[in-house]
Amino acid sequence: ASIFSGTGADPAVSAKSNHCLDAAKACNLNENCKKLRSSYISICNREICNRRKCHKALRQFFDRVPSEYTYRMLFCSCQDPGCAERRRQTILPSCSYEDKDKPNCLDLRSVCRTDHLCRSRLADFHANCRASYQMLTRCPADNYQACLGSYAGMIGFDMTPNYVDSSLTGIVVSPWCSCRGSGNMEEECEKFLRDFTENPCLRNAIEAFGNGTDVNLSPKN
Amino acid sequence: RRRARARSGTRPCGLHELEVRVSELGLGYTSDETVLFRYCAGACEAAARVYDLGLRRLRQRRRVRRERVRAQPCCRPTAYEDEVSFLDVHSRYHTVHELSARECACV
């Protein structure tokens, strides 16, 4: 072992290594991943964004490419802003995520629930990423993979979540909505939104994946 | 020199691959992403057609001399990769078509 072991990240390595860039490389070197990634990028990156087509291509990417590639791109850990920006850009948020105005989250949920797939993916997310304070990891059955899978499963639907910015401290993810204009449903709206923005299970799952510390806690699927 | 040429000629025309950073390609994209660059290389000596033999003879006899003629096949792509995409250092995505070879032949 090197004399630096146990002192945390080697500065020479952490300055240079960019896990999100490594994840893109791994994808580009795999024929299937490269093809489906290029496909959603070229569709979502068009001059005039066609969100319906962009979402469809994103769903195909996450459905047809093994999670060893897709999770790596989505949940890579970052030590510099360039890396975090790359991570935020994974789903081409200017087309797939952002919109002129932010709908109310409960209204967005209603829209999602009219689509049977969006409805069931959202239910999976609430079940698998439910903050469980009895568990060490804060996740149901300490199963990080199930939570990450349900998060990725919502990309390409009306409830598409993403990193809200490219800051390095404290990962915050959210769907594109707010709780303004909730009326007497304000409390329910905030509770719904916090499942994304302030969820210790989801946060731990993403961080553990990025650090590679999730391997012993849950079975690989 | 001749020997080196002859030795390299022992590998027939085929697809080769190289991991390259997009910036290395000199196409004007500033991206640290790595792509698999596939290219065609190798010998085509065995692939000479009757066409090539005939053309060579006519060239020797100076029946053909004005034009640039090629009396031997060349190892070139016969199909190209559809597209490959990457994010550049300015956080812009690019998609490039036909960057890599997909099939090679002596043509």
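This is a chat about a predicted model, covering one aspartate in chain B and a helix pair in chain A.

Colleague: What are the ground rules here?
Modeller: The model is predicted: local features need pLDDT of at least 70, side-chain atom pairs count only at pLDDT 80 or more, and totals for chains, interfaces and linings use all residues. Residues are numbered from 1 along each chain as written, chains are lettered from A and ligands numbered from 1 in written order, and side-chain values use heavy atoms, without hydrogens and water.

Colleague: Where is Asp88(B)?
Modeller: In the loop between β4 (83–87) and β5 (93–97) of chain B. Strands are DSSP E runs of at least two residues, helices H or I runs of at least four, numbered from the N terminus.

Colleague: Is Asp88(B) buried or exposed?
Modeller: Buried, meaning under 20% relative accessible area with a 1.4 Å probe, protein chains only. Asp88(B) has no salt bridge, which would take a Lys or Arg side-chain nitrogen within 4 Å of an Asp or Glu carboxyl oxygen.

Colleague: How far is the nearest side chain of opposite charge?
Modeller: That is Arg92(B), 4.2 Å away. Lys and Arg count as positive, Asp and Glu as negative; His and chain ends are not counted.

Colleague: Which backbone nitrogen lies 2.8 Å from a polar atom of its side chain?
Modeller: That of His90(B).

Colleague: Switching to chain A. How do α9 and α11 cross?
Modeller: Helix α9 (residues 116–128) and helix α11 (residues 186–197) cross at roughly 75 degrees, and their axes come within 11 Å. Axes are lines fitted to C-alpha atoms over the stretch in contact, with angles from 0 to 180 degrees between N-to-C directions.

Colleague: What does that make α9(A) relative to α11(A)?
Modeller: Roughly perpendicular, the class for 65 to 115 degrees.

Colleague: Which residues make the contact?
Modeller: Leu122(A), Phe125(A) and His126(A) from α9(A), with Phe192(A), Asp195(A) and Phe196(A) from α11(A). Contact means heavy atoms within 4.5 Å.

Terms used. Buried < 20%, exposed > 50% of the residue type's maximum accessible area, 1.4 Å probe, protein only. Polar contact = N/O pair within 3.5 Å; in protein donor to acceptor, adjacent residues only side chain to side chain. Parallel < 35°, antiparallel > 145°, perpendicular 65-115°, else oblique.
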